[in-house]
Amino acid sequence: MAILVNENTKVVVQGITGFQGSFQTKRMLEYGTKVVAGVTPGKAGMEVHGVPVFNTVEDAVKKTGANTSIIYVPATFATDAIFEAFDAGLDLVVCVTEGIPLYDEMRIHRRLREVKSMLLGPNCPGVISPGKSKVGLLPDNSFTPGRLGVVSRSGTLTYQVCENLTRAGIGQSTVVGIGGDPMPGLSFVDVLKMFEEDSETEAVLLIGEIGGTAEEEAAKFIENMSKPVIAFIAGRTAPPGKRMGHAGAIIEGTSGTADAKIQALREAGATVAETLLDIVKEVQKIL
């Protein structure tokens, strides 16, 4: 079944005529994703890689039945693009844009409480259900179909870990990059709930990092999960007070430290891998 995206997902690309929008549309089409429309204001009537372009998301949805959006729009315009996707009633909105101001992310979160749409990101690599659909900029060859659900704050680590898993013969049901911004849309807990209910997912890998409390909040949910969870926390060697990573994580005292997160996850019943290579070994014990 997978989560968030599957072979029936119909995607509209916001910013399809830009370099990244066009390039990633081609990659998604080659993977088999059903990209049914693109949106760039003033460019209606064009085609990009055979995909029709519309002026608005509303028009694209009405004409094509799109249910998911991927946003390749600069930070200056990304918030308006997200709101336009919300207004069109899409099920899932994926925003890869980085650099959206925190104030705008607060506005986005307020709107999320009022709409039916789910938001993945911003500043995330997207989501892939291997062999079914890819929405975002994840490198295809790193993933293969299987039974392990993966959720991660770090894009680069997601690719590296899944490449290791794939080479070891361990496939993935769905891989979700929630992004590292201070106020993401879907959280670890949101995605863990979906994996817990997904019949194709038998175990879950959580890739966290220092800073914030997202992993501690996930640990509270993991306590009541029926499926095994393996976790890895990046940034163990970060010195206190130093800004680290794309999330802008700062460690102050015991808040947001790797040790605090690891302790919370272990107490919740998760298996915590010590190194990247240990992840594969721990997953092999379960699957």
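Accessible area here comes from the Shrake-Rupley method with a 1.4 Å probe. By that method the protein chain exposes about 12,200 Å². Carbon and sulfur atoms supply 51% of that area. The model is a predicted one.

Start with overall dimensions. The chain has 287 residues, and its radius of gyration is 18 Å. A compact globule of that length would come out near 19 Å, so the two values agree. Along the principal axes, the C-alpha atoms fill a box of roughly 55 × 40 × 30 Å. Buried residues account for 54% of the chain.

Take contacts between residues at least 6 apart in sequence: 73% of them join residues at least 24 apart. Charges come next. There are 27 positive and 33 negative ones, and their mean positions lie 3 Å apart.

Now the secondary structure. The protein chain holds nine helices and 14 strands. Seven of the strands make an open sheet with mixed pairing. Their order is β3-β4-β2-β1-β5-β6-β7. The edges are β3 (47–48) and β7 (118–120). Each has a single partner strand, so one side of each is left without a neighbour in the sheet. Val48 has Val51 of β4 as its bridge partner.

Move on to strand β13 (residues 229–234). Six of its six residues are buried, so β13 is largely enclosed by the rest of the structure. In a regular strand, side chains alternate between the two faces of the sheet. In β13, Val229, Ala231 and Ile233 point one way. Ile230, Phe232 and Ala234 point the other way. All of these are buried, whichever way they point. β13 pairs with strand β12 (residues 203–209) in the parallel sense, over six bridges.

Ala258 sits in helix α8 (residues 258–267). Is Ala258 buried or exposed? The cut-off for buried is under 20% relative accessible area. Ala258 has 6% relative accessibility, so it counts as buried. Which residues does Ala258 touch, leaving out those up to four places away in sequence? They are Ile210, Ile233 and Arg236. Of these, Ile233 belongs to the β13 residues described above.

Finally, compare Ala258 with Met118. The two are 140 residues apart along the chain, and their C-alpha atoms are separated by 29 Å.

How values were computed: Residues are numbered from 1 along each chain as its sequence is written. This is a predicted model: local features need pLDDT of at least 70, side-chain atom pairs count only at pLDDT 80 or more; totals for chains, interfaces and linings use all residues. Side-chain values use heavy atoms; hydrogens and water are left out. Helices (H or I, at least four residues) and strands (E, at least two) are DSSP runs, numbered from the N terminus. The radius of gyration is taken over C-alpha atoms; the globule rule is 2.2 Å times the number of residues to the power 0.38. Buried means under 20% relative accessible area, exposed over 50%, partly exposed in between (1.4 Å probe, protein chains only). Contact means heavy atoms within 4.5 Å. Lys and Arg count as positive and Asp and Glu as negative; His and the chain ends are not counted. The place of a charge is taken as NZ of Lys, CZ of Arg, CG of Asp or CD of Glu. Two strands pair if DSSP finds at least two bridges between them.
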